[in-house]
Amino acid sequence: MAKLIELRNVYKIYSEGLESEVRALDGVSLTIEKGEFVAIIGTNGSGKSTLAKHFNVLLTPTSGTFEVCGMRTDDPDNIWKIRQHVGMVFQNPDNQIVAAVVEEDVAFGPENLGVPSDEIKTRVSDALRRVNMTIYAKHGPHLLSGGQKQRVAIAGILAMQCDCIVLDEPTAMLDPVGRKEVMDTLHQLHDEGITIIIITHFMEEAVQADRVVVVDRAELKMDGAPRDVFTHVKELKAMGLDVPVAAELAERLRQKGLDLPDSIITEEELGDALCQLS
C-alpha cells in the first residue's frame, strides 16, 4: 500500500498564548495507507474531531507536519488539490444539503471544480448508483431520511472523484436503520478501493473497521486491529470509552473465573466460547 496521509509530531493549540489556551492535539504521529478503513474513537473533547478536520485542511497544525498525498497541508497552494483527494461528511446531514433537488446537490462539487456539464451528469449518475440512491435523483432532500441524506452527501464526494472519505460522527443523529444504511454504503465503497476514515462513538461501528485509532486527551493512545484494541477493556474504560458489549461481558465473566479467550470482541465469538465451556 502507498501512504495517503502522514502526520509527524502534530500539535494543534487553540488560543495559543492566552489564558484560554487549549491543546487539542499533542504530538500526534500517524500514517494512513491508501485503501484502509480506519475508525478513530475517543471521548468528547479528546481531540478526534480536531484531528478529522485536518484531513481535508479545514484546520492546519500549530506545529509538526501534516501531508496528504505527499502535499503539505500548511501550503495554501495545496488546499484545493488536497480537497480533490479527501472529502468530508459531517454529523448533521441537514447542514450539508445545498440544493433543492438530490441530483443538483450531488452536482454542486463538480460544478465548482469546473467539470464540463456532460461529465457532471455522468459523475452524478454514477455516484448515486454507488450509494443506492438513483431512484431519489429527482427528489427534494427534505423528503429523505437522515441515512438517505448522508448517502447523498457521500455521493457528492464521489462525484468529485475523491480517493478518501472522512466522516465525523456521520451516524450520531441517525436511528439504527439509518446507521446501517450508512455503514453498508461505506463498506461497499471500501470494497471498491475508497479509503474510509470514520470518527465514531459507536463501538459496534469501530469494530467493523480494519484498524482502530484511540485518541485520549489530545494524544494517540492506541492504534491497531479492532481485536488488538478492544481486548484492552480496562484501559479503554479508564479513558471513559465504551467497548463492544461482547468484549465487556467476556471480561466480566473472566473476572468471575470463567476460562474465556482474551480475543473475544463479537457476540458470535462469545457465544462459541461459552458453548465450548458447557
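Biologist: On what conventions does the description rest, and what pLDDT do local features need?
Modeller: Residues are numbered from 1 along each chain as its sequence is written, and side-chain values use heavy atoms, with hydrogens and water left out. Because the model is predicted, side-chain atom pairs count only at pLDDT 80 or more, totals for chains, interfaces and linings use all residues, and local features need pLDDT of at least 70.

Biologist: What is the order of the strands in the open sheet of six?
Modeller: Strands (E, at least two residues) and helices (H or I, at least four) are DSSP runs numbered from the N terminus. Two strands pair if DSSP finds at least two bridges between them. The pairing in this sheet is mixed, and the order is β6-β7-β8-β3-β9-β10.

Biologist: Which are the edge strands of that sheet?
Modeller: An edge strand here pairs on one side only. From one strand to the next, the twist averages 15°. The edge strands are β6 (86-89) and β10 (219-224).

Biologist: Which residue of β8 stands opposite Ile40?
Modeller: Strand β3 (residues 37-41) pairs with strand β8 (residues 195-199) in the parallel sense over four bridges. Opposite Ile40 stands Ile199.

Biologist: Which residue of β9 stands opposite Ile41?
Modeller: Strand β9 (residues 211-216) runs parallel to β3, and four bridges join the two. The residue of β9 opposite Ile41 is Val214.

Biologist: How many residues of β3 are buried?
Modeller: Buried means under 20% relative accessible area, exposed over 50%, and partly exposed in between, with a 1.4 Å probe and protein chains only. Phe37, Ala39 and Ile41 point one way from β3, while Val38 and Ile40 point the other way, and all are buried. The count for β3 is therefore five of its five residues.

Biologist: What angle does the direction of α5 make with that of β6?
Modeller: Angles run from 0 to 180 degrees between N-to-C directions, and axes are lines fitted to C-alpha atoms, for helices over the stretch in contact. Helix α5 packs on the six-stranded sheet, touching β6 and β7 (164-168). Its direction makes with that of β6 an angle of about 165°.

Biologist: How far apart are the axes of α3 and α5?
Modeller: Two packed helices are described by the angle between their axes and the distance between the axes. Helix α3 (residues 102-112) and helix α5 (residues 146-159) pack at an angle of about 40°, and their axes are apart by 7 Å.

Biologist: Which residues of α5 do Val102, Asp105, Val106 and Pro110 meet?
Modeller: Contact means heavy atoms within 4.5 Å. The four named residues are in α3, and their partners in α5 are Val152, Ala155, Gly156 and Ala159.

Biologist: What is the strand order of the open sheet of four strands?
Modeller: Its edge strands are β2 (22-33) and β5 (71-72). Strand β4 (residues 63-68) pairs with β5 in the antiparallel sense over two bridges, and Val68 stands opposite Met71 in β5. The pairing of the sheet is antiparallel, and the order is β2-β1-β4-β5.

Biologist: At what angle to β1 does helix α1 run?
Modeller: Helix α1 (residues 48-55) lies across β1 (3-14), β2 and β4. Its angle to β1 is about 125°.

Biologist: Is Val57 buried or exposed?
Modeller: Val57 is found in the loop between α1 and β4. Its phi is near 65°, a positive value in a residue other than glycine. Because its relative accessible area is 6%, Val57 is buried.

Biologist: What is the phi of Ala218?
Modeller: Most residues other than glycine have a negative phi, and most peptide bonds are trans. Ala218 lies in the loop between β9 and β10, and at 4% relative accessibility it counts as buried. Its phi is positive, near 75°.

Biologist: Is Pro176 buried or exposed?
Modeller: Pro176 has its place in helix α6 (residues 176-191). Pro176 and Gly147 are 29 residues apart in sequence and 9.4 Å apart in space, C-alpha to C-alpha. With a relative accessible area of 58%, Pro176 is exposed.
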